[in-house]
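Colleague: Please put the model up. I would like to go through some of its labels and hear what stands behind each one.

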Amino acid sequence: MAMDLGELISQDAIIAGLRAKSKKQVLQELATKAGALTPVPARDVFDCLLQRERLGSTGMGQGIAIPHGKLPQLSSILCIFARLSQPIDFDALDDEPVDLIFLLLAPEHAGADHLKALARISRLLREPDMSERLRSARDRGELFRLLTAHEAHAA
């Protein structure tokens, strides 16, 4: 069964204009948001994301990054989407600055669901013009609709 982004992301988990000057600052802001939406302390989320970035950047190219990690305290997968006010260097594969970020956090035992969620995000971002639509969306509500609207067609 295909995973539905609507199951993973809530409107509360969307940041329409995140201001950050560095990759580290973005990860801190996302960790703080995750800490507010889950029982996991922001510090634990941040440490988990930093460890993952040390293995290699999660900057996928074309201005998109998908930082992700697994945390034992989580009971379900959490996705947070942030659009940055200004693109930043994220050590991306294509060396382009990043301004669209999907944070994906999964419970340690999530196994295949974690990969399904990553695949779902990748599929969404491969849609023609999707990145441009996300960049030009006016607000959080419009971003949420864009991120969850395609589920009906994708199934």
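Colleague: What makes Phe81 buried?

Modeller: Buried means under 20% relative accessible area, exposed means over 50%, and partly exposed is in between, with a 1.4 Å probe and protein chains only. Phe81 has a relative accessible area of 0%, so Phe81 is buried. Phe102 also has 0%, and is therefore buried. Keep in mind that this is a predicted model, where local features need pLDDT of at least 70, side-chain atom pairs count only at pLDDT 80 or more, and totals for chains, interfaces and linings use all residues. Residues are numbered from 1 along each chain as its sequence is written, and side-chain values use heavy atoms, with hydrogens and water left out.

Colleague: How many aromatic pairs does a search of the whole structure find?

Modeller: The search gives 1 aromatic pair. Rings of Phe, Tyr and Trp (its six-membered ring) pair if their centres lie within 6.5 Å; planes under 30 degrees apart are stacked, over 60 edge-to-face, and the rest tilted. The ring centres of Phe81 and Phe102 are 4.8 Å apart and the planes are at 55°, so the pair is called tilted.

Colleague: What parts does the pair tie together?

Modeller: Phe81 is in strand E5 (residues 78-88) and Phe102 in strand E6 (residues 98-107), so the parts joined are 21 residues apart in sequence. Helices (H or I, at least four residues) and strands (E, at least two) are DSSP runs, numbered from the N terminus.

Colleague: Why does the count come to 0 disulfides?

Modeller: A disulfide is a pair of cysteine sulfur atoms within 2.5 Å. The cysteine sulfur closest to that of Cys48 is in Cys79, 14 Å away, which is too far for a bond. The count is therefore 0. Cys48 is buried at 12% relative accessibility, and Cys79 is buried at 0%.

Colleague: Why are the buried residues of H2 said to line one face?

Modeller: The buried residues of H2 are Lys23, Val26, Leu27, Leu30, Ala31 and Ala34. Down the axis of H2 they fall within an arc of 135°, where the arc is that of the directions from the helix axis to the C-beta atoms. They therefore line one face of the helix. An α-helix has 3.6 residues a turn, so residues three or four places apart point the same way. The buried residues of H2 pack against strand E1 (14-18), helix H3 (42-55), E5 and E6, with contact meaning heavy atoms within 4.5 Å.

Colleague: What makes Asp129 exposed?

Modeller: Asp129 has 53% relative accessibility, so Asp129 counts as exposed. Asp129 is in the loop between helix H4 (112-126) and helix H5 (130-136), and has a positive phi of about 70° although it is not a glycine.
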